[in-house]
Amino acid sequence: MSLPTLTGAVLSGGQATRMGGLDKGLVNIGGKPLYQHVLQRLEAQVNGVIISANRNIDEYQKSGYPVLSDTISGFKGPLAGILTVLENSPTEWVLFAPCDTPFIPTNLAEVLWNGKQNALAAYADDGERSHPTVALISTRLIKPLRDYLLGGDRKLMLFMSAQNAIPVRFNDDPRAFRNINTLDDAEQESRQK
C-alpha cells in the first residue's frame with residue numbers, strides 16, 4: 001500500500017507536571033531541544049509539520065513550521081492538541097508524535113499506514129504498552145473528536161477505542177517509544193548521546 005501525502009504533528013502542548021512545569025519540548029538533550037529530535041524523525045516521513053504548543057510559541061516558531069494552540073480552552077490533554085491539528089491539516093491523514101519521544105521509528109508512518117486496515121486511526125503498541133499519542137489519524141474524526149471533548153471527556157484511549165482505532169505492533173526497538181518524562185531522564189539521555 002503506497003502512503004498518502006501526510007502532515008506530521010509534534011504534540012508539545014502539555015503541562016509537563018513531572019518536569020516541574022518546565023516546557024518539556026524545550027528541555028535539551030544532547031544540546032538540542034527535545035521537540036527537535038522528534039521533528040527530525042518526523043520530517044523525513046511527512047510533507048509538512050504542524051507543532052501543537054500552548055506556551056513559548058516564539059521558541060517553537062523558530063522551527064519554521066506553523067505553531068497552533070488548542071482551540072478548546074481549559075487543559076483537555078493531548079486530544080485538544082490533536083483536534084486543533086486535525087482542523088488545520090492540509091492533508092486527510094496526520095502522523096502524531098509527542099515531543100517527549102525522541103526515538104520514534106523512522107518507518108513510523110509506513111508501519112502505521114500498512115497496519116491500520118480500514119480504520120480512521122491507528123496507534124503504536126510496543127508489545128508491553130499502547131502509545132496512543134503516537135498515531136496516524138484521519139481528519140474524518142474531527143467531528144466525533146470535537147463532540148467527545150465538548151461532552152467533557154478527555155481520555156485518549158477511550159476515544160481511540162470508540163473509533164475502533166487499530167493498535168499496530170512495533171517490537172523491533174524497545175527504546176523507540178521511550179518517554180523523557182523527567183529532568184533525570186533528559187540528563188541520562190544527554191550522557192548517552
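Two strands are said to pair if DSSP finds at least two bridges between them. In this predicted model, strand 6 and strand 8 (residues 130-138) pair in the antiparallel sense over four bridges, and valine 94 stands opposite isoleucine 137 in strand 8. Strands of a sheet pair through backbone hydrogen bonds, either parallel or antiparallel. Here an open sheet of seven strands has mixed pairing and the order 5-4-1-6-8-7-9, with strand 5 (67-68) and strand 9 (166-169) as its edge strands, each of which pairs on one side only.

Helix 3 lies across strand 1, strand 4, strand 5, strand 6 and strand 8, and runs at about 150° to strand 6. Helix 3 also packs against helix 5, with the axes 10 Å apart and at an angle of about 145°, and the two pass in a left-handed crossing. The table lists the residues that make this contact.

| Helix | Residues in the contact |
|---|---|
| Helix 3 (residues 78-88) | Leu79, Ala80, Ile82, Leu83, Leu86, Glu87 |
| Helix 5 (residues 142-150) | Ile142, Leu145, Arg146, Tyr148, Leu149 |

By class, the contact of helix 3 with helix 5 has nine nonpolar, two charged and no polar residues.

In helix 1 (residues 34-43), the buried residues are Leu34, Tyr35, His37, Val38, Leu39 and Leu42, and what covers them includes strand 2 (28-29), strand 4 (48-52) and helix 2 (57-61). Isoleucine 29 has its place in strand 2. Is isoleucine 29 buried or exposed? Isoleucine 29 counts as buried because its relative accessibility is 1%, and buried means under 20%. Isoleucine 29 and proline 102 are 73 residues apart in sequence, and their C-alpha atoms are 9.2 Å apart in space.

Terms used: Residues numbered from 1 in each chain as written. Predicted model: local features only at pLDDT ≥ 70, side-chain atom pairs only at ≥ 80, totals over all residues. Heavy atoms only, no water. Buried < 20%, exposed > 50% of the residue type's maximum accessible area, 1.4 Å probe, protein only. Contact = heavy atoms within 4.5 Å. Axes fitted to C-alpha atoms, helices over the stretch in contact; angles between N-to-C directions. Left-handed = near helix turned anticlockwise from the far one by under 90°. Nonpolar A, V, L, I, M, F, W, Y, C, P; charged D, E, K, R; others polar.
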